Amino acid sequence: MVTTGDGWAIGVDGSRRWGTLGAAGLFLCAPAEDSAEPVVLMQHRAWWTNRGDTWALPGGAIDHGESPEQGALRETQEETGIDPADVTVLDTLVTSRVELDHVLRREAVLPEEEHLLDPVRAMIERDGDVRQALQEQPIYHPEHGGRAVFGLGAKFWWEVLDETVTEWRYSTVIARAEHPLEFVLTEESTDLRWQPLSQLEELNLMPEFRATLPEVQQRVAQLWG
């Protein structure tokens, strides 16, 4: 059974976005000690992530059965250690929509399917390079045709073509904390910081986030009062 929304969404223009069911980020604000404007939790993304080495919101792919709010809070907890119980959601904006050609959803490799990966495991044992092995010895599922890929928890998955998903959305979940919360760095971040709302554009922002920032800042100003 598919539970993860991880995987690539491919636009009709060939562009790729992460999250087969869309994605969501948490625009988490908190009162500053020395200013009337709030500070915002920002994440400097690790180089290997999608749009890596840029600043954006903590967040990621929405899983099956999740709302954008639930997805943003879960991903933020995974990436920063911040407890959703310490966060109050104020509003949600759909800040990006993309028409899709298809998605490449991820399905777990079942125990009875593990033997299908034996040829590529033999190559990995010999050469030690999992991605090179998958390129030289591609493995396809005999029924649904999914291709074996490696990642997401350092394990194998089936990447399955799905043409039933026609739109990708990114939801910006605006939320408030009573004070700047402590956080922990994870492998997906090289830095986390509380940045003043009016100074976000001083950072090297992810281009998609920069494009939607004025709309979000305007809504935050209305909510913050």
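With which side chain does the side chain of S15 make a polar contact? In this predicted model, the partner is the side chain of R17, at 2.6 Å. S15 sits in the loop between β1 (7–11) and β2 (16–18). Beyond its neighbours within four places in sequence, S15 is in contact with A9 and I10.

The chain is divided into two parts. Domain 1 comprises 7–103 + 164–224, and domain 2 covers 107–159. Taken over C-alpha atoms, the centres of domain 1 and domain 2 are separated by 31 Å.

The largest nonpolar core contains 26 residues. Within this core, F27, M42 and F209 have the most contacts. Two or more residues each are contributed by β3, β4, β5 (55–56), β7, β10 and α4 (207–224). Another core, of 17 residues, lies apart from it; L28, A30, I62 and A175 are among its members. Residues up to four places away in sequence aside, M42 touches W55, A56, L57, D191, L192, R193, Q195, L200, L203, L205 and F209.

Helix α1 spans residues 68–80. Buried positions in α1 are G71, A72, L73, R74, E75, T76, E79 and T80. These buried residues pack against β3 (23–31), β4 (38–45), β6 (59–61), β7 (88–108), β10 (167–176) and β11 (189–196). After α1 comes G81, with a positive phi near 80°.

Terms used. Residues numbered from 1 in each chain as written. Predicted model: local features only at pLDDT ≥ 70, side-chain atom pairs only at ≥ 80, totals over all residues. Heavy atoms only, no water. Helix = DSSP H or I, 4+ residues; strand = E, 2+ residues; numbered from the N terminus. Expected span 1.5 Å × (residues − 1). Buried < 20%, exposed > 50% of the residue type's maximum accessible area, 1.4 Å probe, protein only. Contact = heavy atoms within 4.5 Å. Domains from an automatic or database assignment. Polar contact = N/O pair within 3.5 Å; in protein donor to acceptor, adjacent residues only side chain to side chain. Core = buried A, V, L, I, M, F, W, Y, C linked by side-chain atoms within 4.5 Å.
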